[in-house]
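Hi,

Here is the structure I said I would pass on. Have a look at it first, then read my notes below.

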2 protein chains.
Amino acid sequence: MTAFFEDVSIGDRLDLGSYTFSAAEIKRFARKFDPQAFHLSEEAAAKTHFKRLCASGWHTGAVYMKLFIARRQADERAATEAGQDVARQGPSPGFEDLKWLKPVYAGDTVAFSNVVTGKRALKSRPEWGLIFAENHGINQHGDTVFSFKSKVLVERRPASPGLRA
Amino acid sequence: MTAFFEDVSIGDRLDLGSYTFSAAEIKRFARKFDPQAFHLSEEAAAKTHFKRLCASGWHTGAVYMKLFIARRQADERAATEAGQDVARQGPSPGFEDLKWLKPVYAGDTVAFSNVVTGKRALKSRPEWGLIFAENHGINQHGDTVFSFKSKVLVERRPASPGLRA
């Protein structure tokens, strides 16, 4: 995740690692941001269509971000230690088609991944290119529980050292 | 937000209230889920393109959810106290076109709203209809900082008391 725009290929896949959603974390997030019965307690969840305690969809999204940033920071440290240039990434302008496909229940372990699906150079911002990706969260049963399409600005490789600021 | 599918009209607008993003809350969320420099400290943010401490995009989304749920729960309590039927809402299957349009800086107050843009009865699930809406977050300067398109399942009004379970 430290590659310059030119070095990113469609199909490139990043495994972002996995995360086990504990009941305590699910409840803590829910009390703060999404206090619905099926996120707050096992007893209340049992009376809903979910039947069991499950994570807020926004919690799943925030955990994706946690793993994405951890991976990027680890890659940046490794590249820096190896003396390699690290491409800057711009902020995400947003994403599309976010889907909460199945509940994430307490105790579930979700593995997140990011696969590059497209790239586009930007005439208006010649230092940057846009990378498109699909992101997935898959639980311990192999079921996809979460997906969305993201885009991010990635720095272009300078044409020659003379062009660097 | 307690209306049955039949009673929801395109153009219906809900003001979800506003929220002031404190520096302490921005940092707390960031340490847990999005530890990038511009979310973690004023000093580190000053060295980035954002220049100032600003909230994680997922934090903004989670706060939208907090206000949405608070509004729905308040409406449900009021309707129940008034002896009115309350339509059930199903879980959200996801959303589209999420945009973080401008940074949410520490101290900014963002007002969130939800406007109905479409509705569709479901042949496959005759008890439910799908409501489409556009959601916005607007800061104290009148700038839209956050938007997304949501959909939610809303219970249909039973045709007659005899049809109720």
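Below is what turned up, starting with how the two chains sit together.

This is a predicted model: local features need pLDDT of at least 70, side-chain atom pairs count only at pLDDT 80 or more, and totals for chains, interfaces and linings use all residues. Residues are numbered from 1 along each chain as its sequence is written, while chains are lettered from A and ligands numbered from 1 in the order in which they are written.

Where they meet, 20 residues of chain B are in contact with 20 of chain A (contact: C-beta atoms, placed from the backbone, within 7 Å). On chain B's side, α4 (57-81) and β2 (94-100) each give two or more residues (helices, H or I, have at least four residues and strands, E, at least two; both are DSSP runs numbered from the N terminus).

Now the sheet. β2 of chain A runs antiparallel to β2(B), joined by four bridges (strands pair if DSSP finds at least two bridges between them). There, A:Leu98 stands opposite B:Phe95. Overall, ten strands form an open antiparallel sheet, with β1 (13-20) of chain A and β1 (13-20) of chain B at the edges.

Cheers

Note on methods
Contact = placed C-beta atoms within 7 Å.
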